[in-house]
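Visitor: I have not looked at this one before. Can you walk me through it?
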Amino acid sequence: MSDYRNNPEKVQGLVHEDSVHRDVYLSPEIFTLEMQNLWRNTWIYVGHDSQVPATGHFYTTTLATQPVVMVRGEDGTVRVLMNRCAHKGAKLVSGHQGKCEANLLRCPYHGWTFRLDGSIRSIPQKAGYDGTGFAESSAAKGVVAIANVRNYRGFVFARLAETGPSFEEYFGDSLSSIDNMVDRAPGGRLEVAGGTLRYLHDCNWKMFIENLNDTMHPMVAHESAAGTAKKLWAGQPEDAPKPMAIEQFLPFVNGYGFFDEMGVKLWENGHSYSGVNFSIHSKYSSEGDYEALMEQAYGAERARAILGEVRHNTVYYPSLTIKGAIQAIRVARPIAHDKTVIESFTFRLVGAPERLLERTVLYTRLINAPTSVVGHDDRHCYRAMQEGLAADGNEWVSMHRNHGIAEREGMAGVYNGLSEVSMRGQFRAWARFMRPPKSAGDAS
Amino acid sequence: MSTDADLVAFVYHEARLLDEQRFDEWYDLYTEDACYWMPLTRGQPDGMTHTSLMCEDKLLLRVRIERLKNPHSFSQQPRSHAQHVLQAPQVETVDAATGLAILRTPFFYMESQMDESVILSGVVWHHLVHSEGHIRIQLKKIELVNCDAALPSIQLFL
Ligand code: FES
Ligand SMILES: [Fe+2]
């Protein structure tokens with residue numbers, strides 16, 4: 001298509017207040033620029049610190065398509081290192097997680113070893129570097145550690161760009177959704193538990209992220225799954241206890257009125273959540289003595305306030321989406337303009353009955369797995385857009401629903417649930433952070 | 001009681017019903033308390049506190065089968081097709097008291113939808129019992145060799 005790399009204004013032109021150009025999804029060049037700018041200027045989710053429970057434990061992933069390793073150091077600090085040997089660049093650790101032998105990262109190629117903070121510990125036959133320029137080289141600095149890392153109540157984020165908004169500036173009050181998820185543990189702590197689902201999507205990462213607060217789609221796209229469950233259950237006697245699976249499926253086919261009244265809240269920088277007033281998780285039955293345990297931990301009033309906050313999806317733009325009410329998260333790992341892996345993690349609420357882990361495990365399997373009848377239809381629709389947008393005649397994607405005067409000033413606020421305002425907010429942030437890293441700071 | 005040959009023939013028959021998409025007949029092969037389980041990890045102890053790819057009771061199997069008949073199953077436009085290729089099932093154990101028979105069957109499975117296909121392989125374990133003179137499945141456990149891969153949609157039954 002066209003040369004976006006050398007034309008930042010042209011990139012800005014892809015986003016209108018109420019619509020976006022199809023190239024934001026279709027152009028490989030835009031994807032590359034997203035990884036270089038948007039995904040470097042912003043705070044990206046890395047992992048949860050319970051995945052590296054003790055010194056020497058590591059967890060690997062990608063940030064903006066770059067290989068990184070999250071590792072817990074001798075001092076207990078969780079660091080994020082580039083998973084790239086300082087010598088010739090081999091990935092230092094493979095596999096998703098594990099423990100470093102002798103608390104050292106040892107390169108499989110020529111055996112250089114690094115401490116858990118990335119500094120060089122040893123190089124075989126080191127005398128060979130005497131009298132060379134090695135000491136002044138980048139290699140001598142060891143493995144690159146990402147400078148801007150923040151562990152917020154167990155959730156580890158990184159900003160790859162050296163300059164840019166601070167963690168607090170970037171997320172602001174949206175952190176209240178993470179707070180609520182953590183506060184739901186009587187022990188005040190979460191642990192990743194129950195396995196990682198990795199679902200390969202043949203679509204642009206933004207289609208997934210936008211969908212999280214797209215409340216106009218469940219009753220259509222998920223009619224065949226949730227509607228079928230509803231129909232099958234309809235024959236049951238009134239007093240029959242509802243299986244957890246039925247309880248979780250049914251709200252997906254609630255009507256437009258339900259999703260509109262749910263409400264959506266927008267923060268700056270593309271973050272949002274739906275379910276301001278109530279959500280599809282509000283009517284789940286209570287689980288054993290969980291509420292009593294919460295009251296013991298927090299006192300009756302505070303416990304009620306925590307459990308009364310039943311948010312649907314919170315989007316931490318651009319990489320993380322969470323469901324605090326059932327302690328599950330989904331992480332977007334972009335691979336190419338038309339390829340994304342969506343990872344699902346579930347959490348144990350420390351101090352809560354194990355039944356709550358069973359609930360989030362079930363939800364995640366029913367809704368987010370590669371085998372999920374709900375996930376199938378979502379993925380089908382994303383792919384349908386990815387293919388359909390190749391059609392000429394209309395190059396613009398409409399996001400007009402409930403576009404109003406009120407949001408033109410600053411967009412933060414509460415809106416009706418069916419509004420496409422969360423998508424508009426995401427693209428406003430997109431345009432801002434698509435500017436190359438140095439200027440991102442001044443743009444505010 | 002069934003002979004080993006009956007049990008083996010039953011496993012082949014089950015796969016054939018799936019490949020021919022005779023899902024209602026297939027559904028009837030399962031006991032009321034049956035579980036159809038595809039773990040997410042190797043050696044996974046259970047499907048309750050650890051996520052599985054599938055861990056379906058009869059109600060959830062019924063949801064899947066009825067959904068496939070629903071004209072608004074958009075991800076099934078066009079329909080997927082599947083083929084099992086089974087290695088000869090082995091009768092591992094038969095419990096003399098209860099009649100519970102456990103069979104082990106390595107397999108290849110391909111599911112295809114137009115230009116896209118997914119190939120899965122592994123071992124399936126059948127726990128077979130007798131009910132009213134018929135062989136029935138109490139547990140079907142599918143251990144994928146590629147369970148830790150990032151997988152695309154798997155829409156039918158292995
Ligand atoms: S590439 Fe790592 S030691 Fe050579
Ligand atoms: Fe959906």
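Guide: What follows is a short tour of a predicted model, taken topic by topic.

Visitor: Now helices. Which residues of α8 in chain A are buried?
Guide: Helix α8 of chain A covers residues 223-234, and its buried residues are Ser224(A), Ala225(A), Ala226(A), Gly227(A), Thr228(A), Ala229(A) and Trp233(A).

Visitor: What covers them?
Guide: The cover includes α7 (218-221), α9 (244-249) and α14 (373-388) of chain A. Chain B takes part as well, through its α3 (58-69).

Visitor: How many residues of helix α5 of chain A are buried?
Guide: Nine of the nine residues in α5 (175-183) of chain A are buried, so this helix is largely enclosed by the rest of the structure. Among them are Leu175(A), Ile178(A), Met181(A) and Val182(A), along with Asp179(A) and Asp183(A).

Visitor: Switching to rings. How many aromatic pairs does the structure hold?
Guide: Over all chains there are 28 aromatic pairs. One of them joins Trp112(A) and Phe134(A), edge-to-face, with 5.9 Å between the centres and 90° between the planes.

Visitor: Where in the chain do those two sit?
Guide: Trp112(A) is in the loop between β7 (105-106) and β8 (113-114), while Phe134(A) is in the loop between β9 (120-122) and β10 (148-152), all in chain A. The two residues are 22 residues apart, and the pair links distant parts of the chain. Trp112(A) is buried at 3% relative accessibility, and Phe134(A) is buried at 13%.

Visitor: Which rings are linked into a cluster?
Guide: Ring pairs connect a cluster that includes Trp43(A), Tyr45(A), Tyr152(A), Phe155(A), Tyr316(A) and Phe433(A).

Visitor: Which charged ends sit over a ring?
Guide: The charged end of Arg311(A) sits over the ring of Tyr273(A), 4.2 Å from its centre. In chain B, Lys58(B) lies over the face of Tyr27(B), 4.3 Å from the ring centre.

Visitor: What is Phe31(A) in contact with?
Guide: Leaving aside neighbours within four places in sequence, Phe31(A) is in contact with Thr65(A), Trp205(A), Pro334(A), Ile335(A), Ala336(A) and His337(A). Phe31(A) belongs to helix α3 (residues 28-41) of chain A, and at 8% relative accessibility it counts as buried.

Visitor: Last one. How is chain A divided into domains?
Guide: Domain 1 spans 44-152 and domain 2 spans 189-432. Taken over C-alpha atoms, 35 Å separate the centres of domain 1 and domain 2 of chain A. Twelve residues from domain 1 and 15 residues from domain 2 take part in the contact.

Terms used: Residues are numbered from 1 along each chain as its sequence is written. Chains are lettered from A and ligands numbered from 1 in the order in which they are written. This is a predicted model: local features need pLDDT of at least 70, side-chain atom pairs count only at pLDDT 80 or more; totals for chains, interfaces and linings use all residues. Side-chain values use heavy atoms; hydrogens and water are left out. Rings of Phe, Tyr and Trp (its six-membered ring) pair if their centres lie within 6.5 Å; planes under 30 degrees apart count as stacked, over 60 as edge-to-face and the rest as tilted. Helices (H or I, at least four residues) and strands (E, at least two) are DSSP runs, numbered from the N terminus. Buried means under 20% relative accessible area, exposed over 50%, partly exposed in between (1.4 Å probe, protein chains only). A charge sits over a ring if NZ of Lys or CZ of Arg is within 6 Å of the ring centre and within 35 degrees of the ring normal. Contact means heavy atoms within 4.5 Å. Domain bounds come from an automatic or database domain assignment.
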